[in-house]
Amino acid sequence: MTDRLRIVLEAELRSPLHILGPGRTVALVDRPVELDAQGYPFIPASTIRGRLRVHLERLLRQMGYPVCTPPAPEQMCPHAGYDGYCLACRVFGSPWRPSGIVNGGLRLAAPGSTSPDLLRSERTSVGINRRLGTAQAERLFSLEAVAAGSGNTGLTFEGEMVGRLTAEEAGWLLAAVPLVAHLGGSKARGLGEVSLRTKEVAWWREGRWQPADVQRLMEEVLDHAPA
Ligand SMILES: [Zn+2]
């Protein structure tokens with residue numbers, strides 16, 4: 001049985017964040033970050049979805065479940081060599097199955113009166129030749145990053161996922177959430193370290209949103225895994 005489900009995710013930055021904004025050009029910056037219409041940094045839906053799926057696939061494999069191997073469609077369910085659809089495809093979809101859940105991007109939780117410009121900084125980076133492992137002088141570039149935050153609190157982003165999942169599918173999705181520790185590019189440069197948390201989960205039952213017990217949904221699936 002599937003019920004309508006709503007999940008609120010919260011990402012707190014542990015280091016500056018760089019998610020390349022493909023639509024933006026900034027004078028003197030080679031790699032600008034993604035911004036929303038108000039000029040505030042945000043985490044695009046595809047970034048959060050991509051990371052969640054990767055961690056869900058890894059977790060399922062570790063726990064002894066069959067999982068297909070995206071992105072090649074011919075290696076994804078239902079063509080992955082076992083019956084039906086794996087749990088990752090049931091939650092996030094495959095080329096032959098609609099996704100169980102959709103999500104938006106994560107937006108700044110409390111932009112307040114902070115000027116969006118104060119949230120970004122530029123740094124200079126050096127291109128590394130991957131084959132030779134050496135720095136290349138001509139590949140010096142400037143990279144824009146979102147500041148991690150001030151003091152002990154990291155900058156926090158929030159966003160929703162909504163869809164129809166079984167309790168089992170929801171449990172696996174929620175178990176993957178805290179495994180996401182990096183978002184965006186330049187991980188090797190120390191950027192993009194985050195804590196991803198589930199802030200709220202609710203089922204639509206009997207005509208209203210009813211809060212779900214996140215811990216119990218996760219334990220239910222982790223305790224019954226074959227591995
Ligand atoms: Zn699959």
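Two strands pair if DSSP finds at least two bridges between them. With that in hand, welcome to a predicted model, shown here in several close-up views.

**View 1. Strand β9 and its partners.**
I101 stands opposite G163 in β9. The strand around I101 is β3, residues 101-103, and its pairing with β9 is antiparallel, over three bridges. Strand β4, residues 106-108, also pairs with β9 in the antiparallel sense, here over two bridges. Look for L108, whose bridge partner in β9 is F157. F157 is also the bridge partner of A11. Strand β1, residues 3-13, pairs with β9 over ten bridges, again in the antiparallel sense.

**View 2. The two faces of strand β9.**
In a regular strand the side chains alternate between the two faces of the sheet. Which residues of β9 point to the buried face? Over residues 156-165, they are F157, G159, M161, G163 and L165.

**View 3. The largest nonpolar core.**
Here we turn to the core, which has 54 residues. Those with the most contacts inside this core are L56, A88, V91, W172 and L173. Helix α3, residues 167-176, gives the largest share, six residues.

**View 4. Helix α3 against helix α4.**
How do these two helices pack? Helix α4 covers residues 214-223, and its axis lies 8 Å from that of α3, at an angle of about 100°. Angles of 65 to 115 degrees count as roughly perpendicular, so α3 is roughly perpendicular to α4. On the α3 side, the residues that meet α4 are A167, E168, A170, G171, W172, L174 and A175. Their counterparts in α4 are V214, L217, M218, E220, V221 and L222. By type, the residues of this contact divide into ten nonpolar, one polar and two charged.

Most residues other than glycine have a negative phi, and most peptide bonds are trans. One runs from P70 to P71, with omega near 10°. The other runs from C77 to P78, with omega near 5°. P71 sits in the loop between α1 (45-62) and α2 (87-92), and P78 is likewise found in the loop between α1 and α2.

**View 5. E206, a residue with positive phi.**
E206 is not a glycine, yet its phi is positive, about 50°. You will find E206 in the loop between β10 (194-205) and β11 (208-211). Is E206 buried or exposed? E206 is exposed, because 6 other C-beta atoms lie within 10 Å, and 12 or fewer count as exposed.

**View 6. A148 and its surroundings.**
A148 lies in the loop between β6 (134-146) and β7 (149-150). This residue counts as partly exposed, because 17 C-beta neighbours lie inside 10 Å. Setting aside neighbours within four places in sequence, A148 is in contact with L13, R14, S15, P16, G154 and L155. L191 is 43 residues from A148 in sequence, while their C-alpha atoms are 9.3 Å apart in space.

Notes. Residues are numbered from 1 along each chain as its sequence is written. This is a predicted model: local features need pLDDT of at least 70, side-chain atom pairs count only at pLDDT 80 or more; totals for chains, interfaces and linings use all residues. A residue is buried if 20 or more other C-beta atoms lie within 10 Å of its own, exposed if 12 or fewer, and partly exposed in between; C-beta atoms are placed from the backbone. Helices (H or I, at least four residues) and strands (E, at least two) are DSSP runs, numbered from the N terminus. A nonpolar core is a set of buried Ala, Val, Leu, Ile, Met, Phe, Trp, Tyr and Cys residues joined through C-beta atoms within 7 Å. Two residues are in contact if their C-beta atoms, placed from the backbone, lie within 7 Å. Axes are lines fitted to C-alpha atoms, for helices over the stretch in contact, and angles run from 0 to 180 degrees between N-to-C directions. Angles under 35 degrees count as roughly parallel, over 145 as roughly antiparallel, 65 to 115 as roughly perpendicular and the rest as oblique. Ala, Val, Leu, Ile, Met, Phe, Trp, Tyr, Cys and Pro count as nonpolar, Asp, Glu, Lys and Arg as charged, and the others, Gly among them, as polar.
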